[in-house]
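Please keep the sequence and the model in view while reading.

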Amino acid sequence: MDAATAAIDQGKQDLPAGDGANLSLKDRIARDLGQRILVGTYAQHAVLPTEAELCVIYGASRTALRDALLTLSAKGLIEARKRAGTRVRVSSEWNRLDAQVLEWMRDIEPDLDFVRGLIEARLVIEPAAAQLAARMATSGDLAVIEAAYEAMRIAPEDDLAACLDADVRFHTAILRASRNPVFANLGNMLAAALSFSFRLTTSATANYQQTLSAHGDVLEAIRMRRVDDAHDQMKALIGIASNDLLAVARKGRHQQPVSTASADPI
């Protein structure tokens with residue numbers, strides 16, 4: 001048995017439990033293999049063990065194993081080639097904004113490059129969406145944004161699920177209030193990415209009250225139709241969250257602090 005097969009054979013005893021206890025076998029296999037790819041146990045371009053070997057390793061039927069591999073293939077993590085086996089694709093082809101992939105990433109060591117990329121994308125997209133929302137939001141849109149903010153305000157700081165739900169609703173409501181169909185669709189995609197980033201930090205952050213106040217500033221700027229201010233307030237809000245997120249990611253990677261003062265793509 002080669003080293004790669006031995007490594008996953010060892011993991012056979014540790015198939016995801018806990019939150020994954022109710023998952024089907026094929027979903028647990030997909031998650032286990034997916035996480036091993038994401039952390040580099042199976043490096044880019046590496047060939048996975050054969051179907052027969054994986055069936056033995058996971059105690060699975062070929063049907064369950066193939067369904068798991070199809071899941072990974074659909075997310076851009078692997079590709080199967082005739083007579084060449086199943087190979088891990090290069091990371092630039094991985095669909096890391098897929099909701100399941102983000103869920104898998106939540107439970108492994110943070111990828112600092114992805115965290116930085118997520119922050120940069122938000123700094124480009126969300127201030128522009130807030131700017132448009134200040135122009136285009138209807139009274140109904142404003143009511144949804146305000147309801148999400150109020151849910152954030154009354155949520156106990158130790159209730160991560162409630163804080164997370166309200167925070168995600170706040171940001172996606174602004175994307176939809178922009179009345180830009182592309183931003184509206186991005187809201188559906190970014191909701192999973194936002195959940196990933198918020199779950200890396202905690203609702204008990206030292207900056208929580210500052211963050212809550214910043215959300216209120218964004219809401220007020222949009223409600224008062226202050227277009228440029230809405231842009232700037234959203235940019236400031238993401239800056240607060242970015243510092244928390246990068247700090248958590250750096251701690252997970254055991255790396256030295258990285259300045260974010262000049263990491264502004266706008």
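Helix α6 (residues 112–136) packs against helix α8 (residues 160–177) at an angle of about 60°, and their axes lie 7 Å apart. Axes here are lines fitted to C-alpha atoms, for helices over the stretch in contact, and angles run from 0 to 180 degrees between N-to-C directions. That angle makes α6 oblique to α8, because angles under 35 degrees count as roughly parallel, over 145 as roughly antiparallel, 65 to 115 as roughly perpendicular and the rest as oblique. The crossing of the two helices is left-handed, a term used if the near helix is turned anticlockwise from the far one by less than a right angle. On the α6 side, Arg-122, Ile-125, Glu-126, Ala-129, Ala-130, Ala-133 and Met-136 meet His-171, Ile-174, Leu-175 and Ala-177 of α8; contact means heavy atoms within 4.5 Å.

The model is predicted, so local features need pLDDT of at least 70 and side-chain atom pairs count only at pLDDT 80 or more, whereas totals for chains, interfaces and linings use all residues. Residues are numbered from 1 along each chain as its sequence is written, and side-chain values use heavy atoms, with hydrogens and water left out.

Asp-141 belongs to helix α7 (residues 139–154). With a relative accessible area of 12%, Asp-141 is buried; buried means under 20% relative accessible area, exposed over 50% and partly exposed in between, for a 1.4 Å probe and protein chains only. Its side chain reaches the backbone nitrogen of Thr-138 at 3.0 Å. Leaving aside neighbours within four places in sequence, Asp-141 is in contact with Met-136, Ala-177 and Arg-179. Of these, Met-136 and Ala-177 also take part in the meeting of α6 and α8.

Arg-179 itself sits in the loop between α8 and α9 (181–200) and counts as partly exposed at 47% relative accessibility. Its phi is near 65°, a positive value in a residue other than glycine. Most residues other than glycine have a negative phi. His-45, in the loop between α2 and α3 (51–58), likewise is not a glycine and has a positive phi, of about 80°. Its relative accessible area of 49% makes His-45 partly exposed.

Helix α2 (residues 25–38) contains Gln-35, which is buried with a relative accessible area of 14%. Residues up to four places away in sequence not counted, Gln-35 touches Trp-104, Asp-107 and Ile-108.

In helix α4 (residues 62–74) lies Arg-62, partly exposed at a relative accessible area of 40%. Which residues does Arg-62 contact, leaving aside its neighbours within four places in sequence? They are Glu-51, Ala-52 and Cys-55. Arg-62 and Glu-51 are 11 residues apart in sequence, and their C-alpha atoms are 7.2 Å apart. The two side chains are joined by a polar contact of 2.9 Å, that is, a pair of N or O atoms within 3.5 Å, one able to donate a hydrogen and the other to accept it.

For the chain as a whole, there are 11 helices and two strands, and from the N terminus the order is α-α-α-α-β-β-α-α-α-α-α-α-α. Helices (H or I, at least four residues) and strands (E, at least two) are DSSP runs. Buried residues account for 45% of the 266 residues. Among contacts between residues at least 6 apart in sequence, 71% join residues at least 24 apart.
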